[in-house]
Amino acid sequence: MFSIESSVVQPLDTLRKCEQNGRVISMMQTEIALTPTNSAISMLRDYYRMALRRKWILLTIIFLSVAAAFLYCKIATKIYRSDALILLEDQKVPEILVQGIEGKTNFERRIFVIETQVRDHSRLEKIRTELNLFPALVVESGEEAAIGLMNSAIEVMPVGKGTTPGQNNIGAFSVSFAHQDPATAMKVTARIVDMLIDEDLKDRTQTAEGATEFLDNEVARTKLLLDKKEEEISRFKSQHVGQLPQAAETNFRTLDRLHGELNVVRENLQRQTDRLGLVNHALQQYVQFGVTIPTLVNGPAQANPAFTRLNDLKAKLAQLQSEFWEGYPEVMLTKEEISQLEQKLRSQYNVTKEQSEEQAKDPYYQDLKKQLAEIKNERALLLERQRMLLAEKTAYDRLVETAPAVEQELLTLMRDYDNLKSSYHSLVEKRLHALVAENLEKRQKGAQLKVLEKAKFPRAPERPNQPRVMFFGLLLGCGVGLGIVIILEQSNPQFRRPEDIEQMFGPQLLAVIPHFNLDFAYGNWKRFFPTVSFGRGGGATDGSLIPTPEATAAWGGTATVSPQPSFIVRWFPNAIASEQYRVAATRLAPLATSGRASVVAVSSALPGEGKTTTVINLGYTMARDLGKRVLLLDCDMKCPGLDKFMENSTVGGLADYLAGTLDLDDCVSSFGDVSCWVMPVGNAVGNSTEVLRTDRLAALFDRLRMRFDYIILNTPPILPQATMNVLEGHADVLLLVVRANSTPHDVVRRAVGSLRSRKSLHVVLNAVGSHSLPSYVYEYGPPRAKTPRGQLRA
């Protein structure tokens with residue numbers, strides 16, 4: 001809903017009015033509104049429609065572009081290119097026997113090297129001098145400019161590409177040169193090929209010789225390093241004799257032997273120590289108590305008689321002391337005798353240097369003393385042996401501990417030696433191969449370049465390439481033409497889709513009426529191609545539309561009524577356009593003013609937008625499908641249009657009634673089948689605006705409201721005339737018809753702004769193309785005609 005103030009369209013209370021009027025939005029209209037406009041398909045469709053609408057501008061630009069391309073091909077300087085085909089020939093001797101100097105060289109790398117050689121400055125300068133190329137350019141810009149021009153005219157291209165990227169199945173390439181003179185192009189190409197083959201052979205020979213010389217030097221240097229490394233290894237082995245890896249097993253065995261000997265010495269030393277203690281103890285017992293141990297002496301042990309006597313006296317003293325007291329004389333005499341005997345023995349066995357005769361006569365004592373001396377001597381020998389074994393073991397332990405470090409150093413030396421030795425043998429082998437390869441190159445048995453096709457005389461120019469230039473001219477024309485079309489379309493935008501109406505008017509879109517000339521087929525692909533005309537029987541031939549029997553009879557010439565194709569709701573009630581008029585009628589019904597008949601003024605911004613067609617189809621639909629009493633009042637005095645839809649002519653019309661010459665009933669004609677009446681303009685004279693300003697017009701509307709439910713006014717266009725400003729004061733609802741792909745946005749804004757009305761304004765988008773409608777409009781369309789067997793035609 002819009003109100004118009006100060007020539008500017010502004011929405012006022014849109015939501016409130018929509019709720020009051022009971023807005024009803026069907027699923028079809030909702031999905032139309034939700035159709036994404038930014039999709040790629042929609043964009044392509046828009047461009048396609050733009051091209052169709054401005055096809056002559058587009059075709060003119062394409063024609064001019066193609067003509068310019070053709071003219072360029074005729075007047076442009078012709079450039080001829082001569083080329084030669086060269087094969088990288090494999091070596092003649094099998095590679096399993098002799099490896100060439102280059103081996104398996106990557107083809108792309110070889111092409112790069114060859115191209116670098118061909119484009120070498122000195123070589124090109126030599127060729128330019130020989131053939132006297134570009135003399136004027138040399139005089140004008142110098143030698144460098146001529147060489148640069150030659151460089152840009154040369155091409156080195158591989159041929160016979162394989163299926164695998166980076167490979168070449170043939171191993172061939174072409175060398176070409178472009179020039180204005182075809183003979184010069186051929187000469188330069190031939191000279192480049194000769195120079196390339198000669199220098200390739202020379203370079204390969206020099207490479208082979210250089211490789212041999214280099215390998216000789218490397219062999220001599222490696223041999224010197226190898227000799228130095230051998231001397232270093234020999235010197236290292238002599239410095240670490242016992243620490244070398246091969247001596248490790250001997251060292252471990254020696255350590256095991258020393259360990260065993262040390263254990264034996266320790267055991268013997270322990271036995272001698274134990275025996276020494278035993279002999280000392282026996283000697284002490286013998287000296288003190290006279291006790292003998294026979295096992296310690298060799299032979300019978302004869303003790304000293306003094307010890308026997310001493311023992312007897314001690315036994316006697318013990319017996320006497322048990323019988324008598326200490327002062328008893330015999331006890332005292334026994335004690336005295338024991339004391340004297342002990343003193344005698346003590347003095348006898350405590351002598352160290354000179355023995356008395358009595359001591360010499362004691363064999364037991366002498367035998368113990370002899371054993372004691374032998375034990376001490378044996379023990380001293382064992383201790384010395386133990387010390388020597390421990391010193392030797394310590395030395396071998398040190399050898400074993402330092403062996404890993406020495407081994408690591410030796411491994412490093414041996415690794416370096418082995419590497420040098422391997423490198424030396426490899427260099428010797430490579431030198432042998434280099435000598436053979438050098439022989440191979442000198443005898444021209446290796447891989448070399450072979451000319452398969454010599455430089456040819458070019459017959460046709462390379463540039464300009466007329467098919468390519470014409471193709472790019474066509475593309476340029478299409479691109480520029482489409483760009484200009486888009487600019488023209490964007491500079492003057494028109495209403496094309498329902499979304500365009502909703503962006504300007506909001507939810508006031510009443511209905512979307514498809515173009516009558518569309519082929520309403522069910523196949524979605526057919527809707528992208530509009531038909532030429534709807535016409536007589538249009539659409540009925542394929543079963544997509546079913547005309548009424550009255551229309552069929554009219555087309556057959558048996559009826560008196562002449563059907564109008566624009567009166568689609570009557571003659572084709574099952575058409576999609578008819579269904580959209582029913583949608584419009586259904587949405588218009590809740591907008592009526594409660595308690596009295598509604599006056600609906602139908603207008604458009606400009607002539608030719610389909611307002612008259614909308615009036616007749618909308619009114620007939622409300623009468624037939626909604627059961628309303630409808631009067632169609634033609635108020636367009638300049639271009640009346642409702643009279644051609646009338647079944648019966650009238651004496652006069654609106655102008656005659658307002659003039660007072662005829663009564664109302666004489667100015668109205670009805671349709672026989674529905675409650676719909678038409679009041680034409682009649683005999684209009686003078687200024688239509690002045691005629692409509694009479695007081696009889698207001699009285700006429702009061703009278704009509706009493707007889708009809710709806711009065712639909714066919715008003716003049718808004719912009720050309722001021723009549724709509726007079727009629728809108730009598731209307732309850734304003735209905736604006738906008739023709740798709742025709743009416744610009746600014747025209748509609750200016751027309752709505754000129755009304756200066758606050759009444760409800762609704763829009764009908766008329767003649768919408770098939771591209772702007774969703775596919776379900778066709779899928780949920782009219783029933784199809786049946787075949788003779790009763791099946792639906794596909």
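Reader: What follows helix H25, and what is its phi?

Author: In this predicted model, H25 is followed by arginine 756, whose phi is positive, near 55°.

Reader: And which residues of H25 are buried?

Author: The helix covers residues 745–755, and the buried ones there are His745, Val747, Val748, Ala751, Val752, Gly753 and Leu755.

Reader: How do the lining residues divide into nonpolar, polar and charged?

Author: There are 8 nonpolar residues and 1 polar residue in the lining of the largest cavity, with no charged residue.

Reader: Changing topic to the aromatics: how many pairs are there?

Author: The count comes to 6 aromatic pairs. In one of them, tyrosine 620 and phenylalanine 671, the ring centres are 5.6 Å apart and the planes stand at 85°, and because an angle over 60 degrees counts as edge-to-face, the pair is placed in that class.

Reader: Is tyrosine 620 buried or exposed, and what about phenylalanine 671?

Author: Tyrosine 620 is buried, with a relative accessible area of 1%, and phenylalanine 671 is buried too, with a value of 3%. Both residues belong to one aromatic cluster, which is formed by Phe567, Tyr620, Phe645 and Phe671.

Reader: What about isoleucine 568, where is that residue found?

Author: Isoleucine 568 is found in helix H18 (residues 568–571), and at 0% relative accessibility it counts as buried. The C-alpha atoms of isoleucine 568 and asparagine 617 are separated by 7.0 Å, although these residues are 49 apart along the chain.

Reader: Which charged ends sit over tyrosine rings?

Author: The charged end of lysine 223 sits over the ring of tyrosine 424, 5.8 Å from its centre, and the charged end of arginine 696 sits over the ring of tyrosine 657, 4.6 Å from its centre.

Reader: Back to the backbone: which residues does the cis peptide bond join at proline 464?

Author: That bond joins arginine 463 and proline 464, with omega at about -5°, and proline 464 lies in the loop between strand S6 (448–453) and helix H15 (466–491).

Reader: What are the phi values of asparagine 132 and phenylalanine 134?

Author: Phi is positive in both residues, near 55° for asparagine 132 and near 50° for phenylalanine 134. Asparagine 132 is found in the loop between helix H6 (121–131) and helix H7 (135–141), and phenylalanine 134 lies in the loop between H6 and H7 as well. Phenylalanine 134 is buried, with a relative accessible area of 16%.

Reader: Last one: what does the side chain of threonine 184 contact?

Author: The side chain of threonine 184 makes a polar contact with the side chain of aspartate 181, at 2.8 Å. Threonine 184 is found in helix H9 (residues 182–239), and because under 20% relative accessible area means buried, its 16% puts threonine 184 in that class.

How values were computed:
Residues are numbered from 1 along each chain as its sequence is written. This is a predicted model: local features need pLDDT of at least 70, side-chain atom pairs count only at pLDDT 80 or more; totals for chains, interfaces and linings use all residues. Side-chain values use heavy atoms; hydrogens and water are left out. Rings of Phe, Tyr and Trp (its six-membered ring) pair if their centres lie within 6.5 Å; planes under 30 degrees apart count as stacked, over 60 as edge-to-face and the rest as tilted. Buried means under 20% relative accessible area, exposed over 50%, partly exposed in between (1.4 Å probe, protein chains only). A charge sits over a ring if NZ of Lys or CZ of Arg is within 6 Å of the ring centre and within 35 degrees of the ring normal. Ala, Val, Leu, Ile, Met, Phe, Trp, Tyr, Cys and Pro count as nonpolar, Asp, Glu, Lys and Arg as charged, and the others, Gly among them, as polar. Helices (H or I, at least four residues) and strands (E, at least two) are DSSP runs, numbered from the N terminus. A polar contact is a pair of N or O atoms within 3.5 Å; within protein, one must be able to donate a hydrogen and the other to accept it, and residues adjacent in sequence count only if both atoms are side-chain atoms.
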